[in-house]
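Here is a brief report on one protein model. It covers charges, rings and surface.

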Amino acid sequence: MSPAEPLVMTPEERAAFEKRRRGRNWALLGVLLALVVLFYFIATARLMRG
């Protein structure tokens, strides 16, 4: 298969691919939210300290 050929998946393979993608998206969302919360607490601590 050359890189220019489109990837053909069966419906089962497509469903498994989308399920893995959803899992990765949720994991990325969790990491990003954790960073936002961390930065918020760091900024708050720095402001309170003066």
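The notes below treat a predicted model.

## Salt bridge

The count comes to 1 salt bridge. Arg 14 forms this contact with Glu 18, and the closest N and O atoms are 3.2 Å apart. That lies within the 4 Å cut-off.

Both Arg 14 and Glu 18 sit in helix α1. They are 4 residues apart, about one turn of the helix. Arg 14 has 40% relative accessibility, so it counts as partly exposed. Glu 18 is partly exposed too, with a relative accessible area of 32%.

## Aromatic pair

A search of the whole structure gives 1 aromatic pair. The partners are Tyr 40 and Phe 41, with ring centres 5.6 Å apart. Their planes stand at 70 degrees, so the pair is edge-to-face. The cut-off for that class is over 60 degrees.

Tyr 40 reaches 53% relative accessibility and therefore counts as exposed. Phe 41 is at 54%, so it is exposed as well. The threshold for exposed is over 50%.

## Nonpolar surface patch

Seven names make up a nonpolar patch on the surface: Leu 28, Val 31, Leu 32, Leu 35, Leu 38, Phe 39 and Ile 42. Together they have about 650 Å² of accessible area.

Phe 39, one of the patch residues, is found in helix α1, which spans residues 11–49. Is Phe 39 buried or exposed? Its relative accessibility is 53%, so Phe 39 counts as exposed.

Terms used: Residues numbered from 1 in each chain as written. Predicted model: local features only at pLDDT ≥ 70, side-chain atom pairs only at ≥ 80, totals over all residues. Heavy atoms only, no water. Patch = residues over 30% accessible without salt bridge, like charges linked within 9 Å, V, L, I, M, F, W, Y side chains within 5 Å. Areas by Shrake-Rupley, 256 points an atom, 1.4 Å probe, with all protein chains shown as cover. Salt bridge = Lys/Arg side-chain N within 4 Å of Asp/Glu carboxyl O. Helix = DSSP H or I, 4+ residues; strand = E, 2+ residues; numbered from the N terminus. Buried < 20%, exposed > 50% of the residue type's maximum accessible area, 1.4 Å probe, protein only. Phe/Tyr/Trp six-rings, centres within 6.5 Å; stacked < 30°, edge-to-face > 60°.
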